[in-house]
Amino acid sequence: MSASVLFDAPGPRAKRRSRIASAIVIVVVLAGLAWIVFTLAQPRESGGITLPGYFDWTRWEKLVTDPEFWGAVGRGVLGTLQAAAIAAAGALVIGVLFALLRTSPLAVVRVPTTIVLEFFRGMPVLLMMLFILLVGSTGAFWAVVIALAIYNGALIGEALRAGIVSLPRGQREAGLSLGLTRLQTKLQIEFPQAFRQMLPIIVAQLVVLLKDTSLGYIVGYNELIRTTMNNLSSFYGNRYLFTLFLITLVIYLAINLTLSWVARRLARRRSPKAAPVLLDGGEQGGRAMPGPLAAANGNPENAATE
Amino acid sequence: MNVVIDNLPAYLEGFGQTLSLLLIAGLGALVVGTIVAAMRISPVPALSSVAAVYTELLRNTPLTLVLFFCAIILPYLGSELPYFWCAIIGLTAYTSPFVAEALRSGINGVPVGQAEAARSLGLGFGQTVSIVIFPQAFRMVIPPLINVLIALTKNTSVAGAFFVAELFGVGRTLANANGNAVIAVLLAVATFYLVITIPLGILAGRLEKRFAVQR
C-alpha cells in the first residue's frame, strides 16, 4: 500500500505491529480453511452407511476420467457463452436505440420512452424471462436472450444518455452550426464520444450480462449451471453433487475473472490519468472513472450490480 | 384482472416475504460490507488481501450459483436452516461486496485536498476521518448505496426459484395455475416490484442532485 494522505508513514514500531497483525490474520484464515477442508474430507454417516469424504477420489474418478462428462460440461459452457454473446449484441443495439429515443426533442417520443425504460429497469430480469417464456412461447433460449437484451439494453441506454448529457454543450452546438441535422449531430458527433466515455460501464454491464445467463437455470435453458447441477447430477447421481458444484464454480470464476480483467484493462486505458484518491485500494476499475460520471453512476462495477 | 384480485392475499404474502428478504439481507449486507470495506482500507496487508479475495470471489460468482450453494448444497452438507434463512445468507453474501465498493468509491470521491488540508492543520488520522472525510463521504455514498438496494430488491426474485415463497415464487405458481391469465398475473408481480424500486430510484436521484450542488 503506497503512502496514503491519511496515515503517517509507519515507523519501526507500527511496522512491527502491522506485521504481527498480518501474521495473526494469516494464521486465523489458514486455520479456518483447514477446518473447512478437514470437515469436508471426513467420511460421512448417512442412514447407517459410511460414505467417503468429499475429496475422496471415488467422488471424482467417474467424472474426471469420463470424456463424455467433459463434453457435456463443454456444451454447457458453450450454451452460456452463446446466450451471452447474442444477448450482448442485442443489448448494444437496443441501448443505442433507447438512448436515441430518450434524448429526442419530441416530448411525444421522449416521455413514453422514459416510462418504458423505467419499467424495464425496475423489474427483475428473471420475471421478464418468465414473462417472455410463458406469454411469447419462445422457448427457453430466446426467453433468456431477449430478456437479457432488453434489460441490459435499458441500462446501457441510460449510461449512453448520461454520457451524452455530460458532453460539453459546444460539441452539439458546433455540429448544428455546421448545418448538420439534429440526428446527424447526435449520431456523428455526440454518440461516438459518449460511447467512448462510457465504455468501461458498458463493458462491466456486459460482464454482468454473462453472469445473468445463469438465470437460465431457473427458466429451463441448458446453460452451464443447469447442465452440471441438474442434468449431470441426475445422470451421475447425487453423490457427485458437491464435486459438480466445485467444478462449476471454478469454471465460472475462470470465465468471469478473465472478462473482468479485460474490462479493467479497458477502463484503465481509456482514462490514463485517474485523479488522485484517498484510498489506494489496489487494482480497481472503479477508480478509473473520476469526475462527474463517477458521481452520476457510481463506479462502473457498482452500476452493474443489477 | 379477476385472477389478481382473487389472489390478492397470496400476492401480499409474497410481497411481505420480498420486503423481509430485502430488509434483513440489506441490513446484513450493510454490516458485512462495512466490515469488508474497513478491512480493505486497513494498513495491515493480510486484512486487505483477505477482503480483496472475498470481494473478487463473490462478485464473479453468479447469484444463481451462490443461492444454489445456500439452498441445496448446505443442507446436503448437514445444515438444517429453513430456506428463507438460506436465501438471506446467500443474498447478504452476494450483496456485501457491492456495498463495500460503494463505500470505498464514496470515500474516494472526497477530494484529496480535503485530507491534505486536515492533515496539515495537525489533525490526526481519527480526527481527519471522523470530522473531515466521513461527513462528506457519507453524502456521496447514500445514492450508490440506494442503487445497491434497488439491485438487491430485484435479486430477491432469484430466491423465489429456491423455495422461498416471495413475489416471484408466488407469481410463478399463480401463472402455472391460471394459464389463461398469465399476462395479468405477471404484470401484477411486476407492479409490486416497481412499487419498491421506482420510489427508491427517485429518492436516489433526488439525493444525488441535492448533494451534487453542495460541492
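**Figure 1. The salt bridge between chain A and chain B.** Across the interface of chain A and chain B in this predicted model, the rule finds one salt bridge. The partners are E56(B) and R264(A), whose side chains meet at 3.3 Å, N to O. Ten residue pairs are counted in polar contact between chain A and chain B, with both residues at pLDDT 80 or more.

**Figure 2. The side of chain A that touches chain B.** Several helices of chain A each supply at least two residues to this side, among them helix 1, helix 4 (107-122), helix 5 (125-136) and helix 11 (224-236). Helix 12 of chain A gives the most, with eleven residues. By class, this side of chain A has 38 nonpolar, 13 polar and ten charged residues.

**Figure 3. The extent of the interface.** In total, 61 residues of chain A are in contact with 62 residues of chain B. The area buried between the two chains is about 5900 Å², and carbon and sulfur atoms give 70% of this area.

**Figure 4. The second largest pocket.** This pocket has a volume of about 1200 Å³ and is lined by 32 residues. Nearest its centre lie L33(A), I36(A) and L249(A), together with L57(B) and F69(B). Two or more lining residues come from each of helix 1 (12-41) and helix 12 (241-270) of chain A, and from each of helix 3 (45-59), helix 4 (63-77) and helix 5 (83-108) of chain B. Helix 1 of chain A gives the most to the lining, with nine residues. By class, the lining has 27 nonpolar and five polar residues, and no charged residues.

Notes
Residues are numbered from 1 along each chain as its sequence is written. Chains are lettered from A and ligands numbered from 1 in the order in which they are written. Side-chain values use heavy atoms; hydrogens and water are left out. On a 1 Å grid over the protein atoms alone, a cavity is a set of points where a 1.4 Å probe fits but cannot get out, and a pocket is an open set with protein on both sides within 12 Å along at least five of seven lines; lining residues have an atom within 4 Å of a point. Grid points are joined across faces, edges and corners, and a volume is the space filled by probe spheres set on the points. Helices (H or I, at least four residues) and strands (E, at least two) are DSSP runs, numbered from the N terminus. Ala, Val, Leu, Ile, Met, Phe, Trp, Tyr, Cys and Pro count as nonpolar, Asp, Glu, Lys and Arg as charged, and the others, Gly among them, as polar. Contact means heavy atoms within 4.5 Å. Buried area is the accessible area (1.4 Å probe) that two parts lose on being put together, summed over both. A salt bridge is a side-chain nitrogen of Lys or Arg within 4 Å of a carboxyl oxygen of Asp or Glu. A polar contact is a pair of N or O atoms within 3.5 Å; within protein, one must be able to donate a hydrogen and the other to accept it, and residues adjacent in sequence count only if both atoms are side-chain atoms.
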